[in-house]
Amino acid sequence: MTLFSLAWYPPAETKISFTAIIKAALNSKANSFEEKLSNYLGVRGCVLGNNGRSLLATLLRELNKLEANKKKTEVLIPGYTCYTVAASIARAGLRIRAYDMDPKTLCPDMDSIKKNTGKKTLAIIHQHLFGIPSPVNSLKSIARDNGIYLVEDAAQALGGKLNGIPLGTTGDFGLYSFGRGKPLPLGSGGALVGNNINLLGKIRRNKPRLGIIDLVKTGATQVLSNPGVYGLMEALPLGLGSTVFDPGFKISSMPCLLKKLGQFSLDTLETLNTHRRKIAGIYSQVLRNDYLVSIPAQATPIFIRFPVIAGVHHIPGKLLRLGVRRMYPRAILDEPQIRPYLAEGNIGTPGASEIASTLVTLPTHMAISAKTAEVIATDVSEFLSL
Ligand SMILES: *Cc1c(COP(=O)(O)O)cnc(C)c1O
């Protein structure tokens with residue numbers, strides 16, 4: 001461990017091409033991130049915003065308006081997910097209903113989906129947690145048969161595929177995030193995609209600011225995330241992002257310079273994802289099978305983090321220093337701050353609660369070398385077998 005004793009690994013990916021940062025700052029004309037992203041994903045429409053949560057809130061509000069009697073006031077979401085998803089629903093003035101998940105696969109429990117779907121259901125949100133593809137088809141037919149919109153939350157999954165189809169492009173709408181720790185970490189920003197051009201047009205935002213400070217922050221974060229200096233900087237907010245529930249977020253455009261950064265760095269996404277898969281490969285070789293989440297066949301995961309079903313509550317300092325973290329502290333239904341926004345008659349989500357209390361995640365980002373990954377996996381294995 002002496003080799004690593006000075007290093008302190010940040011939990012989240014912040015790596016973005018430095019050339020792209022320079023290009024974004026200097027190239028005054030280019031601004032076609034929306035178009036580039038649409039082409040990359042093979043969708044007709046794309047709208048950018050200051051983050052993913054604000055786009056989701058605006059989308060849900062527009063969908064609710066489309067329903068003539070407006071009685072569809074509930075949104076069905078994963079029982080274990082980013083708190084911002086719940087915050088978006090609260091912000092749209094709608095009610096949260098949570099479906100259960102299978103702790104072995106992190107996929108929706110279809111029985112729970114059926115039990116929770118009804119006349120009031122406006123939309124179902126499906127997610128690909130950690131960029132691990134989760135089958136969409138059976139959800140899609142439930143949504144279609146009941147006149148419910150299907151939103152694919154691919155905030156953690158840009159570049160992943162299932163049966164050759166890009167994650168986020170099978171539902172009616174797909175959501176992506178460019179925040180810290182996401183597949184393409186521009187610093188902030190989000191995208192909503194789909195083929196319903198009319199509706200996406202209603203969500204499009206005007207008057208983006210330039211965003212010099214945003215770009216400088218994205219550049220500075222890279223330097224500060226270097227394992228050599230990160231130990232001194234633990235106090236900085238470079239963690240895994242928001243685990244506080246806050247529906248009071250800002251709704252605005254994606255800053256111009258971050259859009260350009262997206263345009264110039266989209267080509268490097270595959271490099272990041274290939275590295276993540278390589279590190280994930282090392283973890284799955286070293287760790288015992290019963291600690292691993294199972295991955296569907298025909299899937300190209302991206303693993304923005306590597307989930308381990310560890311069954312522990314406490315992570316020792318040594319592993320924290322290596323970037324091992326728990327993800328969201330509680331299941332959606334177990335979070336007291338979210339309770340006032342829940343739909344009436346939510347049934348329990350025991351699988352999601354189990355995930356919340358047993359899952360830890362290992363870092364896969366560019367600062368983790370193959371050698372570091374082996375050390376992390378070995379340390380985690382030892383810790384788990386204690
Ligand atoms: C990050 C994230 C979001 C929200 O994205 P922001 O850009 O941070 O608002 C939504 N869903 C999931 C699963 C996420 O990880």
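Visitor: Which residues touch the most other members in the largest nonpolar core?
Guide: Among the 85 residues of that core, the ones touching the most other members are I77, Y80, Y283, L287, F306, V308 and L362; a nonpolar core here is a set of buried Ala, Val, Leu, Ile, Met, Phe, Trp, Tyr and Cys residues joined through side-chain atoms within 4.5 Å, and buried means under 20% relative accessible area, exposed over 50% and partly exposed in between, with a 1.4 Å probe and protein chains only. Please keep in mind that this is a predicted model, in which local features need pLDDT of at least 70 and side-chain atom pairs count only at pLDDT 80 or more, whereas totals for chains, interfaces and linings use all residues. Side-chain values use heavy atoms, with hydrogens and water left out, and residues are numbered from 1 along each chain as its sequence is written.

Visitor: Take L362, then: what is in contact with L362?
Guide: If neighbours within four places in sequence are set aside, L362 is in contact (heavy atoms within 4.5 Å) with Y283, L287, R305, F306, V308, V324, I376 and V380. Apart from this core lies another one of 29 residues, including A20, I21, L186 and L266.

Visitor: At what angle do helix 11 and helix 14 cross?
Guide: They cross at roughly 35°, and their axes come within 9 Å, the axes being lines fitted to C-alpha atoms over the stretch in contact, with angles running from 0 to 180 degrees between N-to-C directions. From helix 11, K278, I279, I282, Y283 and V286 meet A370, A373, E374, I376, A377, T378 and S381 of helix 14.

Visitor: Switching topic: is T58 buried or exposed?
Guide: T58, which is found in helix 3, is buried, with a relative accessible area of 14%.

Visitor: Which residues is T58 in contact with, beyond its sequence neighbours?
Guide: Leaving out those within four places, T58 contacts I203, R205 and I251. Although T58 and I203 are 145 residues apart in sequence, their C-alpha atoms are 6.5 Å apart in space.

Terms used. Helix = DSSP H or I, 4+ residues; strand = E, 2+ residues; numbered from the N terminus.
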